[in-house]
Amino acid sequence: MAHFEEVCKQSDLHPKPAGLVLQYGTAGFRTSANKLDHIMFRMGLLATLRSKKTKATIGVMVTASHNPEEDNGVKLIDPLGEMLTSSWEDYATQLANTDQNELVKTLKDIIEKEAIDMSQEANVYVGKDTRSSSSSLSQAVLDGVKALGGHSKDYGLVTTPQLHYMVCCQNTRGKYGEATVEGYYRKLSQAFSQLAKNASNRTDDQKHLSVDGANGIGAIKVREMESHLKNHMQLSVFNDGSRGKLNHQCGADFVKVQQTLPRGIKINPGDRCCSFDGDADRIVYYYTDSQGDFHLLDGDKIATLISTFLKELLNEAGLDLKIAVVQTAYANGSSTHYLENTMKVIVKCTKTGVKHLHHAAQEFDIGVYFEANGHGTVLFSDGAEEKIQQLANDTNINDERKKAAFLLQNTINIINQTVGDAISDMLLIEAILAIKGMTVQQWDAIYSDLPNRQLKVKVSDRRVIDTTDSERRAVTPAGLQEAIDDLVKKYEKARSFVRPSGTEDVVRVYAEADTQESADALAHEVSLAVY
Ligand code: NG1
Ligand code: ZN
């Protein structure tokens with residue numbers, strides 16, 4: 001068939017470096033940008049097959065998120081805006097690693113296995129972050145789509161969650177919104193202004209937020225968003241890419257892991273600030289106090305704020321919907337304790353990686369999921385959305401219930417349910433703080449984090465570590481878990497675990513304890529046990 005000849009011809013222009021083996025992991029493919037041209041071309045091919053198979057539009061995002069500027073990566077987006085289904089991750093890995101002269105055979109194998117009708121039309125949406133390598137790499141994706149006869153739409157510079165949103169809008173025929181960046185801003189800003197109406201007498205100080213854009217796409221997009229928010233919010237955007245390097249000593253990952261202010265931000269004590277990561281799917285908040293001490297409000301604090309708000313609204317609305325918070329092993333022990341014992345919501349722990357959290361959250365009427373690093377969102381089941389809608393349209397209810405239903409409706413609209421979204425999460429948090437008349441310090445005081453430390457350990461083969469119990473316990477190598485248990489016993493309120501990273505060639509060590517000194521010492525001792 002003509003398409004396969006074209007694939008052969010085109011693939012010669014996107015050659016695979018000899019001997020290079022890469023794996024489609026939790027965050028797709030991610031490595032030095034100069035190793036990725038053939039991967040991008042081949043992911044264009046795979047997205048085209050996936051589109052034919054699902055008879056829907058598929059997304060391909062070129063980004064390496066919080067990694068250094070020199071890296072890049074690619075992720076595929078399934079029809080409802082969710083991550084590529086796991087069964088196709090293996091095909092991605094096979095296609096990435098097959099030799100040039102075996103490429104067509106590998107494609108044909110996938111087509112046969114999945115019984116793909118090659119006469120079916122294919123549509124692929126492509127987006128990219130601001131890395132200097134992203135333009136040519138996204139062109140390679142477009143070349144792959146074209147080589148197999150698919151149609152593509154190039155959204156150019158967008159945040160990862162914006163591309164997820166476009167794919168979902170397109171495949172739900174506009175039910176979720178309009179598949180344009182303008183449509184995204186309109187939906188979110190309208191919901192924000194409806195919510196802000198319920199916040200009385202906000203001062204300019206309360207409307208002001210400092211944003212660290214990580215010198216990436218989020219800085220550009222949050223400015224575009226701001227122009228739709230009129231006078232509802234006043235943003236000071238730092239690290240907007242005009243001077244600094246992407247993710248270098250700034251951004252959500254840096255702030256979370258280093259537990260310190262990003263470079264390039266000028267703030268006063270008490271100012272409310274947030275940092276995005278390089279593709280704007282993560283957000284963390286922070287402030288400094290009058291002593292100059294740094295206070296971080298991470299994904300756990302965000303999940304707590306949002307779930308408290310939702311639970312209160314459900315009570316006021318008189319709606320009996322089951323709400324749960326989904327976390328990973330990295331969630332601070334204090335947050336889990338507060339959610340379970342004070343808020344009395346269901347808490348579930350899953351493996352690291354948003355797809356695990358996303359799936360777990362789908363099991364509830366309302367599932368709030370956040371990784372401690374600030375990647376997360378809220379999912380509403382169809383049934384929950386219907387009940388909220390019905391209540392909002394009910395003319396026989398009292399004003400309190402009516403108001404709660406209205407707030408719930410607009411909360412649904414402000415949230416990007418396809419994936420964690422820094423801009424959408426930021427607007428929701430700002431709306432909640434405004435409605436509750438809460439300062440960042442009051443939010444921070446809901447519970448106190450246990451001091452904690454994250455370390456990376458380089459080992460010769462990180463895969464020798466296998467874990468269980470949502471990665472909280474190591475089953476191999478023999479003796480490791482016992483050694484960790486013995487070390488943990490030496491400290492108060494202590495917890496520690498190790499797991500191989502899915503995105504870097506390191507083992508991650510996490511420790512928390514009653515004091516920072518203890519958390520640091522425990523993390524250090526556990527990392528020695530890993531060698
Ligand atoms: P790994 O490298 O597997 O720990 C990191 C983050 C994940 C997730 C992925 C994808 C931590 C401890 N891990 O995974 O939460 O965000 O990157 O970007 O933050
Ligand atoms: Zn990211």
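Ser65 is placed in the loop that lies between strand E2 (57-62) and strand E3 (71-77). The model described here is predicted. The phi angle of Ser65 is near 50 degrees, which is a positive value in a residue other than glycine. A cis peptide bond joins Thr476 and Pro477, with omega at about -10 degrees. Pro477 belongs to the loop between strand E17 (473-476) and helix H18 (480-489).

In an unreviewed UniProt entry, residues 52-98 and 114-167 are annotated as "domain: Alpha-D-phosphohexomutase alpha/beta/alpha". For residues 52-98, the C-alpha atoms at the two ends lie 22 Å apart, and the span is 32% helix and 28% strand. For residues 114-167, the end C-alpha atoms lie 22 Å apart, with 41% helix and 24% strand in the span.

Two packed helices are described by the angle between their axes and the distance between the axes. Helix H7 (residues 181-196) and helix H9 (residues 217-228) have axes that come within 9 Å and cross at roughly 55 degrees. H7 is therefore oblique to H9. The crossing of H7 and H9 is right-handed. In this contact, Tyr185, Arg186 and Ser189 of H7 meet Glu224, Met225 and His228 of H9. Sorted by class, the contact of H7 with H9 has two nonpolar, two polar and two charged residues.

The next element is a sheet. Strands of a sheet pair through backbone hydrogen bonds, either parallel or antiparallel. Four strands form an open sheet in the order E12-E11-E13-E14, and their pairing is mixed. Strand E12 (346-350) and strand E14 (376-380) are the edge strands, each of which pairs on one side only. From one strand to the next, the twist averages 20 degrees.

Within this sheet, strand E11 (residues 323-328) pairs with strand E13 (residues 366-370) in the parallel sense, over four bridges. Ala324 stands opposite Gly367 in E13. Helix H13 (residues 354-361) lies across E11, E12, E13 and E14. The direction of H13 is at about 165 degrees to E13.

How values were computed:
Residues are numbered from 1 along each chain as its sequence is written. Chains are lettered from A and ligands numbered from 1 in the order in which they are written. This is a predicted model: local features need pLDDT of at least 70, side-chain atom pairs count only at pLDDT 80 or more; totals for chains, interfaces and linings use all residues. Two strands pair if DSSP finds at least two bridges between them. Axes are lines fitted to C-alpha atoms, for helices over the stretch in contact, and angles run from 0 to 180 degrees between N-to-C directions. Two residues are in contact if their C-beta atoms, placed from the backbone, lie within 7 Å. UniProt positions are given in the numbering used here, feature names are shortened, and annotations may be inferred rather than shown by experiment. Angles under 35 degrees count as roughly parallel, over 145 as roughly antiparallel, 65 to 115 as roughly perpendicular and the rest as oblique. A crossing is left-handed if the near helix is turned anticlockwise from the far one by less than a right angle, and right-handed if clockwise. Ala, Val, Leu, Ile, Met, Phe, Trp, Tyr, Cys and Pro count as nonpolar, Asp, Glu, Lys and Arg as charged, and the others, Gly among them, as polar.
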